[in-house]
Amino acid sequence: MEKKKILFAASECVPFVKTGGLADVCGALPREFDKKYWDIRVVIPYYSCIPDNFKANCEYITHFYMSAGSYISNKYVGIMTCELDGIRYYFIDNQEYFSGITPYGDVRYDIEKFVFFDKAVLSMLPQVDFQPDIIHCHDWQTGLIPVYLKNEFQADMFFWGMKSIMTIHNLKFQGIWDVKTLMGLSGMDRGLFAPDKLEFNKDANMLKGGLVYADYITTVSDTYAQEIQTPYYGEGLDGLLRARRMDMQGIVNGIDYKEYDPATDEKLFVRYDKENFRKKKADNKEKLQEMLGLTVDRRKFMIGLISRLTDQKGLDLINYVIDRIADEFTQFVVIGTGNNIYENMFRHYAWKYGDRISANICYSDDLAHKLYGAADAFLMPSRFEPCGLTQLISFRYGTVPIVRETGGLKDTVHPYNEYEHTGDGFSFINYNGEEMLGIINYAKHIYFDNKKEWNRMAERGMENDYSWSNSKGRYEDVYNYLIG
C-alpha cells in the first residue's frame with residue numbers, strides 16, 4: 001500500500017528552533033504517525049541560530065535561483081536536509097533572510113522573508129522529488145503557500161491535486177502589510193488582492209490568504225474554533241471563519257509525555273510519580289524555595305506562572321490583586337520575558353515581597369521543570385488562549401491549574417466540584433480581577449482545609465492523557481478526508 005504523504009511547513013520546529021508552542025507541535029506531532037502508512041516530512045528555514053550540533057548532521061541536496069515579485073528577484077535557494085527520530089527534515093537556506101540571531105525581528109522584513117520561504121517551499125518539491133498529498137501550513141508565516149499552490153503553481157502538473165491545510169495557532173498574528181508591497185514581494189496579480197481574497201482593511205493579509213485558499217482549516221482547541229467566529233476573538237477575520245466553519249475544526253494540542261514525566265525528569269530535585277507525589281512534591285518545593293531565596297516551608301501554598309509576559313496572558317488582573325494573593329501563607333514564582341511593563345511589575349513585587357515572590361525574568365527550561373515539580377498550583381488568567389500547554393504540563397506533574405475559561409483552557413481544565421468530588425482544576429469565567437482572586441482563595445481553602453481532596457484532584461490531573469497520541473487520530477481523520 002502506498003504511503004500517504006504530508007509535508008509540514010512552519011517557521012519553527014523543536015529541536016532546531018523554538019520561540020513558542022508552534023515549534024512543539026511541529027516537532028512532536030509528525031513523530032506520532034505510523035510510518036507504515038504515513039510519510040510525514042517537515043520544512044523550515046535554515047536559520048543561523050539553529051544549534052551547530054544539528055547543522056553538523058545536515059546535508060546539502062541542491063540549490064537553485066528563484067524570483068517571486070519584483071522585490072524578490074533571482075534569490076539563492078539552498079536545500080539542506082537531515083533525518084532525526086525517523087523524520088525527514090528539509091531546510092530552506094538563504095543567508096540574506098535567515099541569518100539573524102532570532103527567527104523573527106522587524107515585521108516588514110519578516111513578511112518579506114516568509115513570502116520568499118512560502119514560494120521556495122513549493123519550488124523545492126520537484127527538486128527533492130517529494131510530491132505530498134497535503135501541505136500542512138502553520139500560522140501566518142506559511143499563509144501564502146495555499147495561495148501560490150492554487151494559482152501560480154497550477155500551471156505545473158506536478159502540483160495538480162495537491163491539497164493544503166491551514167492551522168491557526170494564534171489568530172492575533174496575521175502578517176499584514178500594504179497591498180503594493182505584498183504585490184511587489186509575491187508577484188501575485190492585483191486580482192488576488194480583492195476583499196474576498198487577500199485584501200484586509202485596504203491592506204494585504206498573508207494569513208487571510210491562507211484561510212481563503214486552504215482546503216481545510218484547523219485550530220488548536222474546540223472552544224477557540226468557536227470563539228474566533230465571533231467579533232471579540234476573531235481579530236477582523238470572524239466573518240471569513242464563519243463562512244468556512246464547515247471546513248474547520250479545533251484539535252487540542254498534546255505534549256511530549258517523555259519530556260514531561262516527573263518519574264524520569266532529571267531536571268527535578270526529587271523524582272516522583274502518582275503513588276508518592278504527596279510527599280515528594282513537597283521535597284521539590286523546599287529545594288526550590290531555598291534556590292530562589294524564598295522562605296523554606298513546605299506548608300506554604302506555592303503558585304507558579306510560566307508565560308510570555310504580554311497583555312494576552314491576563315497579567316493586568318494579577319497586578320490588580322497581587323498584594324492580596326501574596327499573603328503570609330502563599331508564595332508566587334514567575335518565569336518569563338515579554339513587555340517591559342510586566343517584567344518590571346514582577347521585579348517590583350519580588351523586591352516588595354522578597355520572601356514570598358520570585359520574579360525570574362528569563363526563560364530557563366531547567367527552572368521551568370523545577371517549578372512544575374514544586375508548585376501546588378499554576379495560574380493562567382488569559383484574556384484568550386488558543387490552546388495553552390502550561391496547564392497540560394501542570395497536570396502531568398500533579399500541579400493543579402487555576403485558569404480562565406477561554407479557548408483550550410476551557411476544553412482541558414474541568415472545574416473542581418466539592419459535592420461530586422470531580423474536576424482537576426479551578427476556573428473562573430469573566431475577565432475580572434476580583435473573580436480571579438475569589439477562585440484563587442477558594443483553591444487555597446481546599447488546599448489548607450481539605451488536603452485529601454486536593455491530593456485526589458492532583459491525582460486525577462496526573463491520570464489525564466494529553467499526549468500527542470490522542471490528537472494524532474483527529475489529524476489522521478482530517479488527512480484521510482482530504483486525500484479521499
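1. Helix α13 (residues 365-374) is largely enclosed by the rest of the structure, because 8 of its 10 residues are buried. Buried means under 20% relative accessible area, exposed means over 50%, and partly exposed lies in between (1.4 Å probe, protein chains only). Helices (H or I, at least four residues) and strands (E, at least two) are DSSP runs, numbered from the N terminus. The buried residues in α13 are L367, A368, H369, K370, L371, Y372, G373 and A374. Their cover includes helices α10 (277-292) and α14 (390-396), together with strands β13, β14 (330-335), β15 (357-360) and β16 (377-380).

2. A word on the source: this is a predicted model, in which local features need pLDDT of at least 70 and side-chain atom pairs count only at pLDDT 80 or more, while totals for chains, interfaces and linings use all residues. Residues are numbered from 1 along each chain as its sequence is written, and side-chain values use heavy atoms, with hydrogens and water left out.

3. Strand β13 (residues 301-306) contains L305. With a relative accessibility of 2%, L305 counts as buried. Leaving aside neighbours within four places in sequence, L305 is in contact (heavy atoms within 4.5 Å) with L315, I318, F332, V333, V334, I335, L371, F378 and L379. One of these, L371, is also among the buried residues of α13. The C-alpha atoms of L305 and M380 are separated by 7.2 Å, although the two residues are 75 apart along the chain.

4. Which residues touch the most other members of the largest nonpolar core? They are F91, I92 and L125, in a core of 98 residues. A nonpolar core is a set of buried Ala, Val, Leu, Ile, Met, Phe, Trp, Tyr and Cys residues joined through side-chain atoms within 4.5 Å. Helix α4 (residues 107-128) supplies the largest share of this core, 11 residues. Another core, of 68 residues, lies apart from it and has L292, I306, A377 and F426 among its members.

5. F91 deserves a separate look.

6. Helix α7 (residues 206-213) is mostly covered, with 7 of its 8 residues buried. These are M206, L207, K208, G209, G210, L211 and Y213. The N-terminal end of α7 is capped by N205, which has a side-chain oxygen 3.0 Å from the backbone nitrogen of L207.

7. Two serines can be read together. S164 is in strand β7 (residues 163-168) and is buried, with a relative accessible area of 0%. Residues up to four places away in sequence aside, S164 touches I135, P146, L149, Y213, A214, D215, Y216 and L482. S186 is in helix α6 (residues 179-186) and counts as buried at 0% relative accessibility. With the residues up to four places away in sequence again left out, S186 touches A68, G69, V115, L144, Y148 and F193.

8. How do helices α16 and α17 meet? The axes of α16 (residues 433-449) and α17 (residues 451-463) come within 5 Å and cross at roughly 110 degrees. That makes α16 roughly perpendicular to α17. Axes are lines fitted to C-alpha atoms, for helices over the stretch in contact, and angles run from 0 to 180 degrees between N-to-C directions; those under 35 degrees count as roughly parallel, over 145 as roughly antiparallel, 65 to 115 as roughly perpendicular and the rest as oblique. A443, I446, Y447 and D449 in α16 meet K451, E453, W454 and M457 in α17. By class, this contact has 5 nonpolar, no polar and 3 charged residues. Ala, Val, Leu, Ile, Met, Phe, Trp, Tyr, Cys and Pro count as nonpolar, Asp, Glu, Lys and Arg as charged, and the others, Gly among them, as polar.

9. Most residues other than glycine have a negative phi, and most peptide bonds are trans. K202, not a glycine, has a positive phi of about 70 degrees; K202 is in the loop between β9 (199-200) and β10 (203-205) and is exposed, with a relative accessible area of 73%. E235, also not a glycine, has a positive phi of about 50 degrees. E235 is in the loop between α8 (222-227) and α9 (238-243) and is partly exposed, at 29%. A cis peptide bond joins V14 and P15, with omega about 5 degrees, and P15 is in the loop between β1 (4-9) and α1 (21-28).

Conventions: Polar contact = N/O pair within 3.5 Å; in protein donor to acceptor, adjacent residues only side chain to side chain.
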